[in-house]
Amino acid sequence: MPNLIAIITEYAPKKLRSTLVAIMFSGHALGGVVASMGAMYLIPNFDWRAVVWLGALPLIFMPILYKLLPESINYLMTKNKKSKLVDVLNQVNVDGQYTMNDNYVLQEQLKSEMKGFPVKELFKKGRTLSTLMFWIAIFMCLFVMYGLSTWLPKIMGGAGYELGSSLTFLVVLNLGAVFGAIVGGKLADRYGSKRILVTFLVIGFITLTMLSFKPSMIMLYILIAIAGGTTTGTQIVTNAYVSQYYPNEIRSTGVGWALGIGRIGGILAPTFCGILLDMKLSLQVNFLAFAIPCIIAAAAIWFIQDNFSNLTEIRQEKI
């Protein structure tokens, strides 16, 4: 996923970068919808093993993706794969008239300075605070995202809803995530990522708090959809923000480490929430466990120091 985010960011027009990353990454939430709807049918008629086989189906797409996904321009340049570079550039810009007779030069400064462990570059040139804040924000977002995805049916079942209804809540949560990611991406491109992310996370806090008071069924579905849009959807827009923050040469490293640290939150969330459920605490406490991380993530995003990455550019020189 870090590499996919980096590639989309590299090829996307600047004014649509957050939107296109959000559209791409919303496939994650759509996969959650398919998994939830599949589970609603498979578990009663077969058993849990059928759901695992459903999760293995995407493997058949690997040859297609390998064939169709473009390679990074930076990679093609460094490996001197000029013919593929020309082919890709002519697809991106049909009026460019790129040929093998041209000389292509990456406009990079950082690359010549980078030596040794690339992670160190995430903390240079005033990026230390922002890197740490990205890690905290994504940790909290993935904590909420994986916690809700894992335990929402169980939490709602404990509140008196049937299994079928509880799984439907999971479908609504992921559909809300898709909508929230795409809308959030569009708004981030227009008004700036930081402002939109902080706003979405505050809304997420309010929404999750309201869910704890067992509203009416219609309002419940609306709140769950909003919760999906402002938690999972926010995480997707945050991925786009991270990918645009770092220069191209350390973009994959920046996104990869942020998601890697965040995965710790994703690992801890199911265990932590399982402990809360075993303690048989109130519905308010269970949802508050998801609401508080939203505020922490909002504060972390707020302290990020805006920066603009040095995007990869190519100079075409006629020989």
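## Overall fold

The chain folds into 14 helices and two strands. The model is predicted. Along the principal axes, the C-alpha atoms occupy a box of roughly 75 × 45 × 35 Å. A compact globule of 319 residues would have a radius of gyration near 20 Å, and the value for the chain, 21 Å, agrees with that.

## Surface, burial and charge

Buried residues make up 45% of the 319 in the chain. The accessible surface is about 16,600 Å², and carbon and sulfur atoms contribute 67% of that area.

The side chains include 26 positive and 16 negative ones. The centres of these two sets are 3 Å apart.

## Cysteines

How many disulfides does a search of the whole structure find? The search finds zero. Cysteine 273 is accordingly in no disulfide, and the nearest cysteine sulfur to its own belongs to cysteine 294, 12 Å away. Cysteine 273 counts as buried because its relative accessibility is 4%, under the 20% cut-off.

For cysteine 294, the closest cysteine sulfur is that of cysteine 141. The two sulfur atoms are 7.1 Å apart, which is too far for a bond, since a disulfide requires the sulfur atoms to be within 2.5 Å. Cysteine 294 has a relative accessibility of 2% and so also counts as buried.

## Threonine 238

Threonine 238 is part of helix 12, which covers residues 232–245. Is this threonine 238 buried or exposed? Threonine 238 is buried, because its relative accessible area is 1%. Leaving aside residues up to four places away in sequence, threonine 238 touches Ile138, Leu197 and Ile301.

## Glutamine 97

Where is glutamine 97 placed? Glutamine 97 sits in the loop that runs between helix 6 (82–92) and strand 1 (102–106). With a relative accessibility of 61%, glutamine 97 counts as exposed, because the cut-off for that class is over 50%.

Glutamine 97 and glycine 192 are 95 residues apart along the chain, and their C-alpha atoms are separated by 34 Å.

Definitions and conventions. Residues numbered from 1 in each chain as written. Predicted model: local features only at pLDDT ≥ 70, side-chain atom pairs only at ≥ 80, totals over all residues. Heavy atoms only, no water. Helix = DSSP H or I, 4+ residues; strand = E, 2+ residues; numbered from the N terminus. Rg over C-alpha atoms; globule rule 2.2 N^0.38 Å. Buried < 20%, exposed > 50% of the residue type's maximum accessible area, 1.4 Å probe, protein only. Areas by Shrake-Rupley, 256 points an atom, 1.4 Å probe, with all protein chains shown as cover. Lys, Arg positive; Asp, Glu negative; His and termini not counted. Charge placed at Lys NZ, Arg CZ, Asp CG, Glu CD. Contact = heavy atoms within 4.5 Å.
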